[in-house]
Amino acid sequence: MDPQALKELKIKAGSLKRIYKEHQSYKKESQQEEEKIKKLEEENVDAYDIKKWKDVHSETLAMIPNTMSRLEGAMDDLVEFVESYAEDEAINQLEDYKLATDLIQEIEQYKESNQFVSQQNLQIFDAFRSL
């Protein structure tokens, strides 16, 4: 077994997992900010405060496409690596290899479940960019 390959596998899987969590975090933060803005508007809070929250929300929305792009790049890297070692039993039998393939499957399901990016978030992002 090539120790460099194992190290590379751990780095690529760790990077993908970190970016995946970051993407989910921005999505959650965006939803929370949307709720906060709606609540402020319902309570007739000062327009300046609402605008500031919209600015914060716009910055959060801007990060979603960024994390999507990085997530797709990291995913491609890990998939390519996993596929290149699929026939190498010294590596494909390792627990880290199994964890990497499980992570790939989890992210594929996440992307297919339409949680990756919603059309609504893209529309909101476009609306905020036009302000």
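Which residues in H2 meet which residues in H4? The legends below take up this question and related views of the model. The structure is a predicted model, in which local features need pLDDT of at least 70, side-chain atom pairs count only at pLDDT 80 or more, and totals for chains, interfaces and linings use all residues. Residues are numbered from 1 along each chain as its sequence is written, and side-chain values use heavy atoms, with hydrogens and water left out.

**View A. The contact between helices H2 and H4.** Leu71, Glu72, Met75, Leu78, Val79 and Val82 in H2 meet Tyr97, Ala100, Thr101, Ile104, Ile107, Glu108 and Lys111 in H4. Contact means heavy atoms within 4.5 Å. Helices are DSSP runs (H or I, at least four residues), numbered from the N terminus. The axes of H2 and H4 come within 11 Å and cross at roughly 140 degrees; axes are lines fitted to C-alpha atoms over the stretch in contact, and angles run from 0 to 180 degrees between N-to-C directions. This makes H2 oblique to H4, since angles under 35 degrees count as roughly parallel, over 145 as roughly antiparallel, 65 to 115 as roughly perpendicular and the rest as oblique.

**View B. The largest nonpolar core.** A nonpolar core is a set of buried Ala, Val, Leu, Ile, Met, Phe, Trp, Tyr and Cys residues joined through side-chain atoms within 4.5 Å. Among the 21 residues of the largest one, Leu9, Leu16, Leu78 and Ile107 touch the most other members. Two or more residues come from each of helix H1 (3-42), helix H2 (47-84) and helix H4 (95-112), and H1 gives the most, with seven residues. Leaving aside residues up to four places away in sequence, Ile107 touches Leu16, Tyr20, Leu71 and Met75.

**View C. The aromatic pairs.** The whole structure holds two aromatic pairs; rings of Phe, Tyr and Trp (its six-membered ring) pair if their centres lie within 6.5 Å, and planes under 30 degrees apart count as stacked, over 60 as edge-to-face and the rest as tilted. Tyr20 and Tyr110 form an edge-to-face pair, because their ring centres are 5.2 Å apart and their planes lie at 80 degrees. Tyr20 lies in helix H1 and Tyr110 in helix H4, so this pair ties together parts that are 90 residues apart in sequence. The rings of Phe81 and Tyr85 have centres 4.7 Å apart and planes at 40 degrees, so that pair is tilted.

**View D. Ala90 in helix H3.** Ala90 is found in helix H3 (residues 89-92). Ala90 is partly exposed, at 36% relative accessibility; buried means under 20% relative accessible area, exposed over 50%, and partly exposed in between (1.4 Å probe, protein chains only).
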